[in-house]
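Student: I'd like to go through the charged pairs in this one, then the sheet. Can we start with what counts as a pair?

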Amino acid sequence: MSDDRRRVLARVRAALASRTRAPLPDYDVARTRSRAAVAVEASTAALVDAFVASLERAGGRAFTSVGALAAWLLGDRRTRGYCDPALAGELRAELPRDLTLATRLARDTLDDLDFAITRAAGAIAETGTIVLDDRTTSRRLASLAPWVHVAVLRPIAIHRSVADALAALGDDPYVAWCTGPSKTADVEGILIQGVHGPGEQVALIL
Amino acid sequence: MSREPIDRFAAAQSDERKASVREGSKAGYDARRMALGRDHEDTDALRRLAGAIKQHVLDHLDEYLERSALALEAHGVSVHFAADATSARDVVTDVLRHRGARRVVKTKTMLGEEIDLGAHLESRGFECVETDLGEFVVQLAHDRPSHIVKPIIHQSRREVARTFEANGLGDYDDTPEVITRRAREHLRRKYLTADAAITGANFVSAESGRLVLVTNEGNSRFCLAATRCHVALVGIEKLVPRDRDLAVFLNLLARSATGQHLTVYTEFLRGPRGPAQPDGPDEVHVVFVDNGRSEILGGDLREVLRCIRCGACLNVCPVYRQASGHAYRSVYGGPIGAVVSPLLGADRRRSLDFADLPRASTLCGACHEVCPVDIPLEELLVRLRDRGREAGAHASGGLSMAGWSLLASRPAAWRAALAAGAVVDVLPRPLLPGPVKAWGENHALPPWRGGRFRAWLAARGPR
C-alpha cells in the first residue's frame with residue numbers, strides 16, 4: 001500500500017505524458033454570483049435584508065431581537081435550551097424565566113434539549129447561509145442535535161455571495177455552511193425537514 | 001427481435017417502480033431548469049467554464065495530486081493512496097483496526113459503492129451503518145441504490161414502510177414524515193456510539209487541502225461531530241485548483257442536482273478538530289483512490305472524469321427515465337453510468353457485460369446540454385460504440401463485421417437502417433457465422449429520435 005502513492009502518481013504521469021495540457025481559464029469570480037446577489041447594494045442593511053429573504057426561502061427563520069425569539073420558542077413550548085457560555089450572560093438578562101439555558105452539553109442528554117444557541121462566524125446573503133466554524137461554535141453537537149438551532153449573527157459578518165464567503169474561509173480546520181434546516185426528499189421526492197440536523201434553522205441577528 | 005440486457009432489466013421493473021422513477025427524475029429535471037435559468041445570466045458559459053477548469057485539473061492531475069497531499073499533510077491529515085478497490089478497502093480496514101474501532105457510521109459515497117466498502121467492512125466484523133436516509137433504506141432492504149443523488153428513487157413509500165416494519169423500526173406507517181423521524185431517532189444513537197466515520201468528498205482544493213462535503217440531511221455533519229476518527233475516500237479526479245474555484249462548482253452542483261441555490265450543508269475541512277472544539281475527530285485520513293481512473297485519463301474518454309456526480313444527466317435521459325437505474329447493472333446509471341461503468345474498477349473486468357450500455361442511448365444530446373461540467377456524453381457514447389465494434393470485430397475475425405461497421409460509422413446508412421425498422425433487419429443474422437451471430441444478438445440500434453444529434457454529427461465531420 002505504501003507503494004500505491006508512487007504507483008498511482010506514475011500511472012497518472014504516464015497517462016498525461018504525450019498530452020497537450022489545457023491551461024487554467026482566467027475568469028472573474030464575480031461571474032458566479034447570481035442575479036439576486038449582484039443586485040444587492042453593498043450596505044449592511046441591504047445585506048441583512050437579502051440574507052433574511054434568502055434564509056426564509058431556504059426554510060429558515062430570522063429574528064432581530066431576543067424578545068421575538070423567546071416569544072416564538074415559548075409559543076412552540078420549547079423551553080429547555082443549551083447556550084454557548086460566551087453568550088449566556090447577555091441572553092439570560094433578556095430571556096423570560098420560563099426558558100432555561102444550560103451552558104454544559106452532555107452527549108447522553110442531547111435529546112432532552114429543545115433548542116441550542118451558538119455563535120455564527122458569518123453568513124451569506126446570496127443563499128441565506130449561516131457560517132459555523134470550530135473557533136466560533138462552542139460545540140459542533142449543539143449546533144446540530146437539538147430540533148432548533150439558533151445562530152447569533154452580527155450584521156457586519158454577512159458576505160454578499162458564495163464567492164465572497166469562500167475568499168474569507170480563513171484557517172479554521174472545520175467550516176460548516178448551513179443553508180436552512182436539514183432536508184431530505186429521498187422518499188418519493190417529498191420534502192421533509194429535520195432529518196439528522198435541526199428541523200428549524202434560526203438566525204438571531206443582533 | 002432479440003433484446004438488450006438493459007431492456008430485459010427495464011421490463012422486469014414493476015409498474016409502481018417505473019412510475020416512481022419517471023416522476024422523480026422529471027421533478028429533478030424541472031427543479032434544475034428553473035433554478036439555473038432564473039439565477040444566472042449565462043448558465044451555458046458557467047458550465048463551460050466549470051468544464052474547462054476540471055479539464056485543466058485532469059491535464060495536470062499529477063501536480064495537483066501532489067499539491068493536495070502536501071497541503072493535507074501540513075494540516076495533520078494522514079494521506080493514503082490506493083491503486084485499486086482492494087487496496088482502498090485494505091487501507092480503510094487497517095486504519096479502523098489500528099484505531100480499535102468496531103462501530104462505523106458512513107455517509108453516501110459513490111466511491112464507497114464502487115468498491116463495495118460497506119459489505120466488505122461488515123464481512124470483516126465491523127458494524128457499518130449507512131446514514132443517508134436513502135442509503136439506510138437500501139442497506140436495510142438489501143437493495144442497491146439506483147440514482148446518484150436519490151438512491152431510492154425507484155422505491156415507493158409503501159416499500160420503505162414495509163422495510164422499516166420488517167426491521168423493527170415501528171409498526172407499518174408510510175407517512176414520509178414518520179419514516180424520516182424514525183430514521184432520525186435510530187441513527188442518532190448510531191452516531192453517538194460510533195468509533196469512526198467514513199465519508200466521501202465532493203471536492204478537494206489543491207491550494208488549501210480543504211475537503212468539501214455537501215449533504216442535505218446533515219448526516220455528514222453528525223458523523224464529524226460525534227466520532228473521533230474520520231476516513232474520507234476521494235477519487236483522484238475530485239480536485240479543483242483553488243478555494244475560489246469552488247464558487248463555480250458549488251453554485252452549479254446544487255442547482256444541477258436538486259435545483260437548490262446551495263446544498264443545505266457544505267463542510268470544508270482539513271484536519272482534526274480545532275484546539276478549543278470538544279466535538280469532532282482527532283484523527284483524519286484521506287484515501288486518494290485510482291481504481292481505473294488513471295487508465296481513463298490516458299484514453300479517449302477522459303472528459304468523463306470531470307463528472308461531479310450531480311445526477312442531472314440521469315434525470316433528463318429518456319432511456320434512464322424508462323429503464324431506471326438498476327437496468328444499468330452498476331453503481332452508476334444513466335448516461336454517465338453507460339460511459340464509466342465499463343471503465344471503473346472491478347467492473348472493468350466485466351466490461352463486455354456492459355457492452356449494451358453505450359447503445360442504450362438515443363444520442364439526443366440532452367445529457368450533454370444539462371451537464372454542469374460540459375461532458376460531451378453523446379460523443380463519448382459513440383466512441384464507446386466504436387470501441388465495442390472494434391473489440392467485436394477483433395473477436396469475430398473482422399470481415400463479417402463489415403455490415404455492422406458500416407452502419408455504426410455512417411450516419412446515412414444508420415438512418416436508412418432505422419427507417420427500415422431496426423438494424424436486426426439489416427444484419428443478415430441467420431446467415432452470420434456462430435460467434436458473430438452470438439455477438440449480433442446482443443446488438444441493436446436505438447430508435448432514431450432526431451434532436452441535436454444530426455447537427456452535432458455534421459459538425460463532427462468524417463473520422
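Tutor: A salt bridge here is a side-chain nitrogen of Lys or Arg within 4 Å of a carboxyl oxygen of Asp or Glu. Keep in mind that this is a predicted model.

Student: How many salt bridges does that rule give over all chains?

Tutor: The count comes to 40 salt bridges.

Student: What does R139(A) pair with?

Tutor: R139(A) forms a salt bridge with D279(B), and the closest N and O atoms are 2.8 Å apart. R139(A) sits in the loop between β6 (129-133) and β7 (148-153) of chain A, while D279(B) is in the loop between β9 (265-269) and β10 (283-289) of chain B, so the pair joins two chains.

Student: Are R139(A) and D279(B) buried or exposed?

Tutor: Both R139(A) and D279(B) are buried.

Student: And E188(A), what does its side chain meet?

Tutor: E188(A) makes a salt bridge with R157(B), at 3.0 Å from N to O. This pair also crosses between chains, from the loop between β10 (183-184) and β11 (192-193) of chain A to helix α9 (residues 157-166) of chain B. E188(A) is partly exposed because its relative accessibility is 34%, and R157(B) is partly exposed with a relative accessible area of 24%.

Student: Which residue does E283(B) bridge to?

Tutor: To R99(B), at 2.6 Å from N to O. The two are 184 residues apart, with E283(B) in strand β10 and R99(B) in helix α5 (residues 85-99) of chain B. E283(B) is partly exposed at 21% relative accessibility, and R99(B) is partly exposed at 29%.

Student: Which residues are joined into one network by shared partners?

Tutor: D44(B), R47(B), R48(B) and D374(B) are, through salt bridges that share partners.

Student: Switching to the sheet. What is the strand order in chain B?

Tutor: Six strands run in the order β1-β10-β7-β4-β2-β3, forming an open sheet with parallel pairing. β1 (78-82) and β3 (127-130) are the edge strands, each pairing on one side only. On average, neighbouring strands are turned by 20° against each other, direction ignored.

Student: How many bridges hold β1(B) and β10(B) as a pair?

Tutor: Five, in the parallel sense. H80(B) stands opposite V287(B) in β10(B).

Student: Which helix lies across β1 and β10 of chain B?

Tutor: Helix α4 (residues 61-74) of chain B, running at about 150° to β1(B). Helix α10 (residues 176-193) also packs on the sheet, touching β2 (103-106) and β3 of chain B, and its direction makes about 135° with that of β3(B).

Definitions and conventions: Residues are numbered from 1 along each chain as its sequence is written. Chains are lettered from A and ligands numbered from 1 in the order in which they are written. This is a predicted model: local features need pLDDT of at least 70, side-chain atom pairs count only at pLDDT 80 or more; totals for chains, interfaces and linings use all residues. Side-chain values use heavy atoms; hydrogens and water are left out. Helices (H or I, at least four residues) and strands (E, at least two) are DSSP runs, numbered from the N terminus. Buried means under 20% relative accessible area, exposed over 50%, partly exposed in between (1.4 Å probe, protein chains only). Two strands pair if DSSP finds at least two bridges between them. Axes are lines fitted to C-alpha atoms, for helices over the stretch in contact, and angles run from 0 to 180 degrees between N-to-C directions. Contact means heavy atoms within 4.5 Å.
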